[in-house]
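This report looks at one residue and its surroundings, then at a helix, and lastly at the confidence of the model.

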Amino acid sequence: MLFQCILSSLLVFVFTATVPQQKPTFCHDLDCPNFTTVQSFKDYELRKYDALKWVATNVTTMEYTDDINREMFFRLFYYISGNNSAAMKIPMTAPVLRTVIHGQGPTCEATFITHFMIPHNMQTNTPTPTDPKAYLVTIPGKNFYVKSFPGRPTDQDFVEKVEELAQEIGNPNLYLDNYYFTASYDGPYAIHRHNEVWLESTSGVSRMLG
């Protein structure tokens with residue numbers, strides 16, 4: 001199992017109970033997912049997210065390169081720029097969400113899915129992509145453990161933050177370890193940046209990706 005070699009038992013300190021979440025400042029002026037903070041811990045949070053529709057594209061590969069990342073991003077960017085069934089421009093949202101689903105076996109091949117959130121006022125009657133490699137998907141309401149951090153992380157930095165989050169949670173029975181999310185909220189030229197990694201909680205939510 002992923003992380004089983006690095007996890008240790010840690011005492012978790014809970015600071016708050018469930019708190020309704022206003023639009024976070026790190027979303028800036030963009031639509032972003034609605035969530036409720038269930039618990040706040042020393043270095044991470046447990047959040048409950050609403051179900052949402054996203055436009056997505058994916059690739060399965062052993063090596064996720066900058067070229068692949070760029071191609072997937074622009075496939076979705078072209079969708080919101082007018083490459084859709086309504087030929088309309090769709091506002092940008094935050095974050096750019098990436099799912100990493102671990103493959104089985106020694107090859108360590110993984111599936112990478114890049115998502116743009118559909119704006120809240122377009123969650124119904126959403127234009128479909130004209131690119132066959134892009135598609136609409138609904139991620140059901142889920143609980144996630146979320147670790148936030150600043151900077152301009154590399155792929156390896158994201159992996160290390162996921163491992164840190166798993167270690168901080170301390171109990172591998174509390175989260176799913178076959179996949180994780182990375183979330184990037186800022187454009188390429190932003191100085192003060194907000195990033196997150198998410199692990200799905202095993203309590204009270206669907207265990208399947210939408």
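In this predicted model, Thr126 touches Lys53, Tyr79, Ile118 and Leu136, leaving aside residues up to four places away in sequence. Thr126 itself belongs to the loop that runs between β6 (110-117) and β7 (135-139). Because its relative accessibility is 11%, and the cut-off for buried is under 20%, Thr126 counts as buried.

Tyr79, touched by Thr126, is one of the buried residues of α1, together with Ile68, Met72, Arg75, Leu76 and Ile80. Viewed down the axis of α1, these buried residues fall within an arc of 135°, so they line one face of the helix. The cover over the buried residues of α1 includes β4 (52-61), β6 and β7, whereas the face turned away from the buried side carries Asp66 and Asp67, which are exposed. Helix α1 covers residues 66-81, 16 residues in number, and its span from first to last C-alpha is 22 Å, close to the 22 Å expected at 1.5 Å a residue. Just after α1, Gly82 adopts a positive phi of about 135°.

As to confidence, the mean pLDDT of the protein chain is 87, and 85% of its residues reach 70 or more.

| Stretch | pLDDT | Contacts in the model |
|---|---|---|
| Residues 1-20 | below 50 | 45, beyond near neighbours in sequence |
| Residues 205-210 | under 50 | 20, beyond four places in sequence |

Key. Residues are numbered from 1 along each chain as its sequence is written. This is a predicted model: local features need pLDDT of at least 70, side-chain atom pairs count only at pLDDT 80 or more; totals for chains, interfaces and linings use all residues. Side-chain values use heavy atoms; hydrogens and water are left out. Helices (H or I, at least four residues) and strands (E, at least two) are DSSP runs, numbered from the N terminus. Buried means under 20% relative accessible area, exposed over 50%, partly exposed in between (1.4 Å probe, protein chains only). Contact means heavy atoms within 4.5 Å. pLDDT is the predictor's confidence in each residue, from 0 to 100. The expected span of a helix is 1.5 Å times one less than its number of residues. The arc is that of the directions from the helix axis to the C-beta atoms.
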